[in-house]
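Q: Could we go through this model together? I would like to discuss a few local features.

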Amino acid sequence: LDAVTQTVQWLEDCPLFNAGRGAVFTHEGRNELDASIMEGRTQMAGAVGGVTIVKNPILLARAVMEKSPHVMLTGRGAEQFALENGIETVSSAWFYTEERWNTLQKMLEEEKSKTGSLTHNPDYKFGTVGCVALDQSGNLAAGTSTGGMTNKRWNRLGDTPVIGAGTYADNNVCAVSCTGHGEYFIRY
């Protein structure tokens, strides 16, 4: 669990990925972040969705798993839980990268001209991060973190915070961390 948490946290801090710093922008020009973590021995899990001020959503997901009676928290409630549990928060400037901002601007222009769609940008769905680990005792853990889809609207949540769709761990079966078009993972 520690290896998964630390690996995903490192990836969230790297601006090259669509998670944490470097996350994609919503239609409104915000970064809305999702993360989840699951431990395969007990099948305990924690997830957060639509957070905008949490530096490392994976740390908040783990806190939800370990310090709350719930599995998933979203939006302002998740952010309040972060503040109450000492999870580091940052201004929106922390997540900004010029490349992600330019991608959003290009997609907005394509929308205006009605010539574009999400599929015209081959990179729109790449960059979600995840980690799966197996320890020497046979315990599995998995974690996933994302900014979702560029130009998403209406507080869309994909598969990442949905346990069993974006992240899953069971010592008797397997552990997975998914990336791709979340709606399909949720459906199937």
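This is a predicted model: local features need pLDDT of at least 70, side-chain atom pairs count only at pLDDT 80 or more; totals for chains, interfaces and linings use all residues.

Q: Where is T144 found?
A: T144 belongs to strand β5, which spans residues 140-146.

Q: Is T144 buried or exposed?
A: T144 is buried, because its relative accessibility is 0% and the buried class covers values under 20%.

Q: Which side chain forms a polar contact with the side chain of T144?
A: That of T167, at 2.6 Å.

Q: Changing topic to helices: at what angle do α2 and α3 pack?
A: The angle between helix α2 (residues 57-67) and helix α3 (residues 75-84) is about 80 degrees, and their axes are 10 Å apart. The two helices are therefore roughly perpendicular to each other, a class that runs from 65 to 115 degrees.

Q: Which residues make that contact?
A: Helix α2 contributes L60, A63, V64 and K67, while α3 contributes A78, F81 and A82.

Q: Now the aromatics. How many aromatic pairs does the structure hold?
A: There are three aromatic pairs in the structure. One of them joins F25 and Y96: the ring centres are 5.8 Å apart and the planes meet at 65 degrees, so this pair is edge-to-face, given that the class requires over 60 degrees.

Q: Where do F25 and Y96 sit in the chain?
A: F25 is in the loop between α1 (2-13) and β1 (33-39), and Y96 is in the loop between α3 and α4 (98-113). The pair links distant parts of the chain, 71 residues apart. F25 counts as buried at 3% relative accessibility, whereas Y96 is partly exposed at 35%.

Q: What about F25 and W101?
A: They form an edge-to-face pair, with 5.0 Å from centre to centre and 80 degrees between the planes. W101 lies in helix α4 and F25 in the loop between α1 and β1, so this pair ties together parts 76 residues apart in sequence. W101 is partly exposed, with a relative accessible area of 28%.

Q: Which residues do the ring pairs link into a cluster?
A: F25, Y96 and W101 are linked in this way.

Note on methods:
Residues are numbered from 1 along each chain as its sequence is written. Side-chain values use heavy atoms; hydrogens and water are left out. Helices (H or I, at least four residues) and strands (E, at least two) are DSSP runs, numbered from the N terminus. Buried means under 20% relative accessible area, exposed over 50%, partly exposed in between (1.4 Å probe, protein chains only). A polar contact is a pair of N or O atoms within 3.5 Å; within protein, one must be able to donate a hydrogen and the other to accept it, and residues adjacent in sequence count only if both atoms are side-chain atoms. Axes are lines fitted to C-alpha atoms, for helices over the stretch in contact, and angles run from 0 to 180 degrees between N-to-C directions. Angles under 35 degrees count as roughly parallel, over 145 as roughly antiparallel, 65 to 115 as roughly perpendicular and the rest as oblique. Contact means heavy atoms within 4.5 Å. Rings of Phe, Tyr and Trp (its six-membered ring) pair if their centres lie within 6.5 Å; planes under 30 degrees apart count as stacked, over 60 as edge-to-face and the rest as tilted.
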